[in-house]
Each structure stands twice: as C-alpha cells, then as structure tokens.
Amino acid sequence: MSTPIYKKLSEQLADQIRQGIYKTSEKLPSVRNLAKQQGVSVSTVLMSYNTLEDWGLIEVKPKSGYYVKALANKTLAPPNIQQSTPSPNDVTTSQLVMAVMRDSSDPRYISLGAAIPANDFPILHQIKKVFAQIVRSEKFLGIGYDSTKGCESLRRQLARRAVDSGILVSPENIVITAGCQGAIGLCLRTLCQPGDIVAVETPSYYGLLQLIESLGLKAIEIPSDSVTGMSIEALKLALEQWPIKAILSVPSFSNPVGALMPDKNKQQLVELIYEYNIPLIEDDIYGDLGYSEQRPKAVKAFDTKGQVLLCSSVSKVLEPQLGLGWVMPGKYLEQIEYERFLSSSSHFRLPQLAVAEILSRGSYDRHLRLARETYRQRRDRLSDLICQYFPENTRLSNPQGGFVSWLQLPDQTNATQLYLQAKKQGVIIAPGEIFSSNPKKYRHSIRLSYASEWTKDRENAIRVLGKLARELTP
Ligand SMILES: Cc1ncc(COP(=O)(O)O)c(C=O)c1O
C-alpha cells in the first residue's frame, strides 16, 4: 500500500491541526512556502490543501490564503454508557445479529458494520507467498492427525510473542483453536454448565453474547466505561450478589467501544478472581493493535495462579479467513485440550504452518507498525466526518487501539431505524441493540468500523448516515 505524497502531507497537517499546533483561524503556510519547506511540488501542496478542505478542517479565503476552520465542535464527547444495576439475562437478539452479519458481507452494500481488518496491507501478499512456499516444500498432507494442541511451530512462535504482552508461557501451554470464537467456546464449555451465569462487560460483542446463549448460559452485564472498560466496583458488587461461574472480558480495546483497561484495574481484576476463586476468560483479539509504542499488558500477565484463560486469534491483525486462534488456558490446560478433541479432532495444518512462518519474520512487526498507524489515522478521519455530518450531541468513543468505535446518538434517536433506513440507501451499520441481552439498552447507539480506507464512497456513506440520523432526531 503506497500512500500518495499529497495524502501523507494532508494527514500530517490534519494531525497538527487536531493537536492544536495550528490553531483555529490561524493562517496555514502559503502554498509556495510549504512546497519549498517539504521539498514537494506546488501542485502536491494544492492537492493536500484541497483534501483538508474536503475534510472540513480548513477553508480558503480568496486572495488571502488557507485558514484553520473553527474547531469548536471538532471534539466529540465520549459515550456515557448506562450504569444500571445488573442482573442475569437470557440472550435473545440472534435474528437481528444474523441479518447484520449477512448484510455486512453482501458486496452490494457499503459496510461500516463488520469488524474486519483492512485489505490493503502488503502482509496479505506475503501470506499468499508463504502459502505457496509451504505447499511446495512442507509436508502438510499424509501426516494423519496432528498434536492434540495444534502445530508445534505455531505454538512456539506464539509463546515467543506472548512476552510482548507480559506473559511467560511455554509452547506446551498453548492450544490452537478455530479462531478466537472457537477458543472462547472451548473455555465456556470447559468451565460452565447450562444455567450458569457468566459476567461480561456491556456493551459486549454480539458473538460472545450469542455463544453464551447457545450454551444455555445466562449473561450478567457489568457496566463499563468508554475509556477504562469493565467497572471493577460493579463487578465486585455483582460477584457479591450472584453465583457467577466465569468472567468473560475484552480488556484491551474492547468491541464495540474500544476501551482499554488500565494496568491498575487489570491487577485488581486478578485480585478479584482470586478472592472469588473463579476463572477469567480474557479475549485479547485486539491487543496487538494499540496505537502507542508499548503494547498493553494482558490481564494474564498479572496472573500467577493460572486462573486466566487468554484467548486470541489472527482474525483482526492478519485475516479472518485463516480461521486460526489459540488459548493459553493456564491451569485448565488438560480440560481444554480434551474439549478441543471433542469438538473437532482434525485441524488443517497448512494455515498453522503459514502463520508460524509469518510470525517468525520481521515483516510481521513492520505490518503491526503500519496497521497501528493506519488505524489511528482512520479513527481520526471518522471523528472528523462524524463532527461534520452528525447531529449535535452525538457522542463517539475514541479508541486507542483496534478499529471499531461506539457512537451514541441523541437519546430519542432510534438506531435500529437508522440501520433499516441506511440499508435502503446501501449502507450497513451495526445497531446498538445487538450488543446487549436487553435490546432497549443501546437503542440510540451504533458501532462503526473504521478499518478500511476512507474512499469517497465510504465518506459518502457517513454523510448519508449523518443525514438520516438528523432526520430521525426529533
Ligand atoms: C471481541 C471479539 N472476540 C472474538 C471475535 C471472533 O474472533 P474470530 O473471528 O477469530 O473467531 C471477534 C470478532 O469480531 C471479536 O470482536
């Protein structure tokens, strides 16, 4: 993916405007001066300034120059997630979930609803090449069943990389699964019986809620903060009140909000699971996609007793088609291994070998650096577009990693109506009600994915959504 120079310059200037380096109403350097200073052509600077104008960040004053536009409404307040007292519920929104899933993969629509990684990163070509090399050189057929934990070379690479999230684990303590959903399914089946209660943060990724439902479990939704994630105090209260069997949380860049639990809270969470002697299933699927230099620590990094089962996959960092996940199950290793054997005794070796090879290369780290910076810029662009087109009082989370954001419309606006009407205009979003077992809870919220490049069509989709949202806001 090579970004044109004018676009890079636009993004650099947009960053400087957002950071206040260029202030509201301040004049930007003249086209000629900036061209000289940056060592680029005058037409490149003109194209950058035109782009910034399109983005609503600057305006041109005839015969005078380019000025930073008023930024009064350029910062959006974070969503204020409802803090009601939790009680266990059955989950029942599966029809709408499946409709959103179907629509999101239908190429006739522009999808802002699905949480899938961008497809314009060079790593995808590298994966293809690695597959071809392995097909030529490695034995992946005619070897019978693989190890009951999955391919050894992949587990070795995962163990090596776990150090970045503060985890010391041996390859023997990792089990390869069918995606992260597969890993969490194994954990829930190992730890719970039908009728048991599982604590989850709210709002929560609908796939996890549906999984809980399919196993006959009940979800108790623990209030969470749009910046710091699951509330430790609320969780403690729920633990005092209900016989909770397991906790399931996405502490680093949660879906749909993008919250990051601070280390202090991660430590407290571990103390709490020790106090109540219950397991924590940590879903770390977005952990590698943080925008700051330092990768966040996993909750498992604070666990010395093996009570945290960390689940993840390559679906968000590389590609969901690879269908590869894993669990680091701590003291539940034997049960998880057995559950894996029960659920499916054959696991295709080829993608495991390919991912092991990719993880061993420096190009994976380069990919992570590129993906993190790209997603950060795409998040900022989303925020600009929402400011430009959405009703006043719209709130938006500001994730520090991953690529989904939680948008809260004014209270009276029905987000499910917005989903239905947007679909008629060819745009798909994920309505808030699928992120809770109580469909009324997030009736005025939606999740937006900003992984893909902001093409004209995608920007226009936000404009369409904003217009509909205004019409639906009394
Ligand atoms: C938080 C979270 N967990 C799990 C999954 C499922 O992951 P996989 O596709 O690897 O099964 C997703 C996918 O959107 C997710 O967002």
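Arg295 sits in the loop between strand 9 (280-283) and strand 10 (308-313). The model is predicted; local features need pLDDT of at least 70, side-chain atom pairs count only at pLDDT 80 or more, and totals for chains, interfaces and linings use all residues. Residues are numbered from 1 along each chain as its sequence is written, and side-chain values use heavy atoms, with hydrogens and water left out.

Helices (H or I, at least four residues) and strands (E, at least two) are DSSP runs, numbered from the N terminus.

**Arg295**

With a relative accessible area of 12%, Arg295 is buried. Buried means under 20% relative accessible area, exposed over 50%, and partly exposed in between, using a 1.4 Å probe and protein chains only. The Arg295 side chain makes a polar contact of 2.8 Å with the side chain of Asp284. Another polar contact, 2.7 Å, joins the side chains of Arg295 and Asp288. A polar contact is a pair of N or O atoms within 3.5 Å; within protein, one must be able to donate a hydrogen and the other to accept it, and residues adjacent in sequence count only if both atoms are side-chain atoms. Neighbours within four places in sequence aside, Arg295 is in contact with Asp164, Ser165, Asp284, Gly287, Asp288 and Arg372. Contact means heavy atoms within 4.5 Å.

**The ligand site**

Around the ligand stand Gly179, Cys180, Gln181, Tyr205, Val250, Asn255, Asp283, Ile285, Tyr286, Ser313, Ser315 and Lys316. A residue belongs here if one of its heavy atoms lies within 4 Å of the molecule. Helix 7 (residues 179-191) gives the largest share of this shell, three residues. By type, the shell divides into five nonpolar, five polar and two charged residues. Ala, Val, Leu, Ile, Met, Phe, Trp, Tyr, Cys and Pro count as nonpolar; Asp, Glu, Lys and Arg as charged; the others, Gly among them, as polar.

Oxygen atoms of the ligand pair with these protein atoms:

| Residue | Protein atom | Distance to a ligand oxygen |
|---|---|---|
| Cys180 | polar backbone atom | 2.9 Å |
| Ser313 | side-chain N or O atom | 2.7 Å |
| Lys316 | polar side-chain atom | 2.5 Å |

On its own the ligand has 400 Å² of accessible area, and the protein covers 88% of that. Accessible areas come from the Shrake-Rupley method with a 1.4 Å probe; for residues, only the protein chains shown count as cover.

**Helix 10**

Helix 10 (residues 263-276) has 14 residues, which at 1.5 Å a residue should span 20 Å; its end C-alpha atoms are 20 Å apart, in agreement. The expected span is 1.5 Å times one less than the number of residues. Its buried residues are Asn265, Lys266, Leu269, Val270, Leu272, Ile273 and Tyr274. Their cover includes helix 9 (232-241), strand 8 (244-249), strand 9 and strand 10.

**Backbone details**

Asn277 follows helix 10. Asn277 is not a glycine, yet has a positive phi of about 50 degrees. Its place is in the loop between helix 10 and strand 9. At 55% relative accessibility, Asn277 counts as exposed.

Asn393 also has a positive phi, about 70 degrees, although it is not a glycine. Asn393 lies in the loop between helix 13 (362-389) and strand 12 (395-396). A relative accessible area of 62% makes Asn393 exposed.

The peptide bond from Thr202 to Pro203 is cis, with omega near 0 degrees. Pro203 is in the loop between strand 5 (197-202) and helix 8 (206-214). A cis peptide bond also joins Asn255 and Pro256, with omega about 20 degrees. Pro256 is in the loop between strand 8 and helix 10. Asn255 is one of the residues around the ligand.
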